[in-house]
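Q: Can you walk me through this structure? I'd like to start with how the elements are assigned and then go residue by residue.

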Amino acid sequence: MTTPSFQLAGDPSLLSGKEEFAAALRYAEQAVRTAKAALLAVVKAADDQTIATKFGHADTAAFLEDFLKFSPTEASRCVQRARTFCGSRALATGEKLAPQLEYAGEAMRRGELADSQLDAIRTIISKLPRRIGIQERRFAEKTLVDAASQLRARELHQLGNRVHGHLDPDGTQPSEEENATPRRELYLRTGTDGRLAFRGSFDAETGSLMQEILSPLAKPRTDDKGKTKDRRSTAERNGDALADALNLIADSEKLPIQGRERPHLTITLSWDMLRDKLGQVRAYENTVLSPEAARRLACDCDITPLVLGTQSEALDVGRTERLVTDELRKALIARDRGCAMIGCTRPVRWTRAHHVRHWADGGETSIDNCVLLCEFHHRQIHHGDWQVRIVDGVPEFIPPQYVDFEQKPLRNTYHLFN
């Protein structure tokens with residue numbers, strides 16, 4: 001590749017003519033791609049040696065989120081690319097092992113593939129049926145890599161469909177894999193206004209069941225004479241039907257226990273807020289509800305009083321006993337809002353209560369001696385070198401010296417902004 005005259009440290013404004021701009025763009029982009037390849041090689045080595053656990057993280061993606069400040073999507077894709085396109089060494093013999101996709105890995109190290117092209121190739125090859133042999137897979141991979149110099153990611157996907165058709169002209173029969181392990185997906189996203197958006201797909205059997213459940217609940221409303229007087233759209237009727245179905249499910253005794261109680265909507269507010277209809281109310285995972293909605297919910301609910309301090313920290317609920325009571329867990333939820341461990345974003349539903357000073361050592365089951373932790377960090381506190389304490393009603397974590405020599409106390413501020 002021709003190196004542009006200004007080099008990377010030069011002044012791009014001095015470039016002139018399409019040839020110089022084209023060369024400069026290619027040079028700069030190849031430098032970025034080769035640097036990313038080097039990063040992926042380090043990530044792969046860290047993943048092989050489970051370095052993340054030494055920094056107190058559950059997996060490599062979580063480590064990258066914290067250490068490099070990647071978004072969850074960036075971290076996940078980085079780990080996926082590293083595992084797919086980077087080689088490793090056998091722990092026992094030190095032998096160098098080829099990556100899963102060797103052709104694409106070599107092209108990546110030469111700076112020839114964009115991230116979107118790498119992801120396209122990985123996706124296409126991963127969707128090949130299991131019965132496709134190694135040689136056919138290598139043929140498909142090489143075909144895609146060779147074509148990548150001329151095709152964008154979208155066009156690579158189109159080529160991948162043709163390669164699939166060539167290698168597997170009969171296609172995969174649903175009974176072979178789909179029926180054995182039905183694919184069901186549901187993506188949930190909570191907006192800043194508390195509204196929940198979702199999309200997904202179900203297998204035919206589950207989809208039919210869902211329609212059977214919603215259909216009678218989604219019927220148009222009629223008056224006392226049987227005439228239809230319902231201005232709701234089909235989508236609105238389906239939405240109301242799903243809400244009705246969720247309420248029916250919540251009242252079912254067959255629901256599993258979570259956090260020592262069956263799942264129902266829990267809201268946290270003061271008596272003044274309930275009486276005067278002032279201020280915002282926090283519900284599931286810090287979703288914000290209006291005071292009017294809280295008053296409506298309070299008409300048919302169990303009310304658990306919490307004693308709050310001047311900083312709104314929950315101080316005391318119930319009597320002291322070894323197991324955390326339902327009331328105390330609700331107080332911990334009001335205070336911690338999720339896993340309290342530094343850097344953890346796990347919501348309330350993933351947590352359990354941990355005694356700062358163990359019960360067997362004389363510790364009490366109280367708000368000042370308990371903290372919410374997810375399963376991973378619960379084990380880490382019990383069996384690792386991190387320490388936890390409650391200071392001014394807030395959990396603080398003290399790292400081991402190999403993480404921070406000065407062992408400065410840290411607080412998880414993530415849940416404060418939810």
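A: Helices here are DSSP runs of H or I with at least four residues, numbered from the N terminus. The model is a predicted one.

Q: How many helices and strands are there in the chain?
A: The chain has 14 helices and 12 strands.

Q: What share of the residues is buried?
A: Of 418 residues, 31% count as buried. The accessible surface of the chain is about 27500 Å², and carbon and sulfur atoms hold 51% of that.

Q: And what about contacts between residues 24 or more positions apart?
A: They account for 45% of the contacts in the chain with a separation of 6 or more.

Q: OK, on to Arg329. Where is it?
A: Arg329 is in helix H13, which covers residues 326-336.

Q: Is Arg329 buried or exposed?
A: Arg329 counts as buried because its relative accessibility is 10%, and the cut-off for buried is under 20%.

Q: Which backbone oxygens lie by its side chain?
A: Those of Val348 and Thr351. A polar atom of the Arg329 side chain is 3.3 Å from the backbone oxygen of Val348, and the distance to the backbone oxygen of Thr351 is 3.5 Å.

Q: Which residues of H4 are buried?
A: Ala75, Cys78, Val79, Arg81, Ala82, Thr84 and Phe85.

Q: What do the buried residues of H4 pack against?
A: Four helices are involved: H1 (17-48), H3 (60-67), H5 (102-109) and H6 (115-126).

Q: What about Ile213, where is that?
A: Ile213 sits in helix H9, residues 204-217. Ile213 counts as partly exposed, at 42% relative accessibility. Its C-alpha is 7.6 Å from that of Ala245, 32 residues apart along the chain.

Q: Aromatics next. How many aromatic pairs does a search of the whole structure find?
A: The search finds three aromatic pairs. Phe55, Phe63 and Phe67 are linked into a cluster by ring pairs.

Q: Which ring has the charged end of Arg199 over it?
A: The ring of Tyr187. The charged end of Arg199 is 4.4 Å from the centre of that ring.

Q: Last one, Thr365. Where is it found?
A: Thr365 is in the loop between strand E9 (351-355) and strand E10 (370-374).

Q: Buried or exposed?
A: Thr365 counts as buried, at 5% relative accessibility.

Q: What does its side chain make a polar contact with?
A: The Thr365 side chain makes a polar contact with the side chain of His355, at 2.9 Å. His355 falls within strand E9, residues 351-355.

Conventions. Residues are numbered from 1 along each chain as its sequence is written. This is a predicted model: local features need pLDDT of at least 70, side-chain atom pairs count only at pLDDT 80 or more; totals for chains, interfaces and linings use all residues. Side-chain values use heavy atoms; hydrogens and water are left out. Helices (H or I, at least four residues) and strands (E, at least two) are DSSP runs, numbered from the N terminus. Buried means under 20% relative accessible area, exposed over 50%, partly exposed in between (1.4 Å probe, protein chains only). Contact means heavy atoms within 4.5 Å. Accessible areas come from the Shrake-Rupley method with a 1.4 Å probe; for residues, only the protein chains shown count as cover. A polar contact is a pair of N or O atoms within 3.5 Å; within protein, one must be able to donate a hydrogen and the other to accept it, and residues adjacent in sequence count only if both atoms are side-chain atoms. Rings of Phe, Tyr and Trp (its six-membered ring) pair if their centres lie within 6.5 Å; planes under 30 degrees apart count as stacked, over 60 as edge-to-face and the rest as tilted. A charge sits over a ring if NZ of Lys or CZ of Arg is within 6 Å of the ring centre and within 35 degrees of the ring normal.
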